[in-house]
Amino acid sequence: MGRTAIVDYGVGNLHSIANAMKYIGLETLVTGDAQELEGADAIILPGVGAFPDAANKLRDTGLDSVLRAQSAQKPILGICLGMQLLFNGSDEVRPTKGLGLVPGWVDRIETKCKLPHIGWNSLSFANDSPLFKGLNDGVYVYFVHSFCGLAQRPEHVTARTDYGASVIAAVGRGNVFGCQFHPEKSGEVGLQILRNFGALNK
């Protein structure tokens with residue numbers, strides 16, 4: 001397994017992800033340097049906060065173009081807001097363009113349940129994904145979010161959860177993967193997902 005770069009663009013829970021990767025024996029590098037991202041074998045895009053702020057920081061640093069280019073060459077995993085940034089854009093706060101790596105849009109969860117959605121919910125697997133190898137349908141993972149991705153194509157949806165409505169919990173398209181939940185906060189299930197992502201590094 002190669003080295004995974006965790007994108008540092010001023011947004012995200014970088015060190016908890018890095019610590020989880022280190023715990024399972026995967027080599028990581030936290031960086032905002034384009035050359036280091038290009039030299040890594042895989043990339044994790046974290047994110048916490050509002051979509052426009054994160055998207056603007058990626059754009060201002062030029063990392064949006066780097067991520068688009070690298071997505072054709074190596075595995076990329078977006079986590080929480082990082083997954084939302086994979087879509088074409090979002091209506092959070094104001095309409096803002098995303099990376100456009102997964103066709104679809106991000107909007108507030110349409111549910112009668114309290115937002116933000118915070119806590120453990122089970123996954124229902126929709127399509128095969130290498131991220132979920134060795135895991136059974138119904139495993140629980142940890143969520144913190146009020147917005148969710150709405151994929152245009154059902155084949156890109158790999159897992160859903162129920163929060164008073166069916167919510168897309170994971171996506172996959174080619175080398176690009178996304179988890180709306182936090183694998184680094186999801187116990188052994190989350191660690192297995194990170195192991196599986198690490199195994200994609202050739």
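Where is Val93 found? Select Val93, and you will see that this residue sits in the loop between strand S5 (87-90) and strand S6 (96-97), where helices (H or I, at least four residues) and strands (E, at least two) are DSSP runs numbered from the N terminus.

Before going further, note that this is a predicted model, in which local features need pLDDT of at least 70 and side-chain atom pairs count only at pLDDT 80 or more, while totals for chains, interfaces and linings use all residues. Residues are numbered from 1 along each chain as its sequence is written, and side-chain values use heavy atoms, with hydrogens and water left out.

Stay with Val93 for its backbone, where phi is near 70°, a positive value in a residue other than glycine. Most residues other than glycine have a negative phi, and most peptide bonds are trans. Val93 counts as exposed, because its relative accessibility is 64%; buried means under 20% relative accessible area, exposed over 50%, and partly exposed in between (1.4 Å probe, protein chains only).

Next, select Cys80, in the loop between strand S4 (76-79) and helix H5 (81-84). Cys80 has a positive phi of about 60° although it is not a glycine, and at 7% relative accessibility Cys80 counts as buried.

Then move to Pro116, in the loop between strand S7 (102-108) and strand S8 (117-122). The peptide bond that joins Leu115 and Pro116 is cis, with omega about 5°.

Finish at Lys185, in the loop between strand S14 (176-179) and helix H6 (187-198). Not counting residues up to four places away in sequence, Lys185 touches Asn13, Trp120 and Tyr142, where contact means heavy atoms within 4.5 Å.
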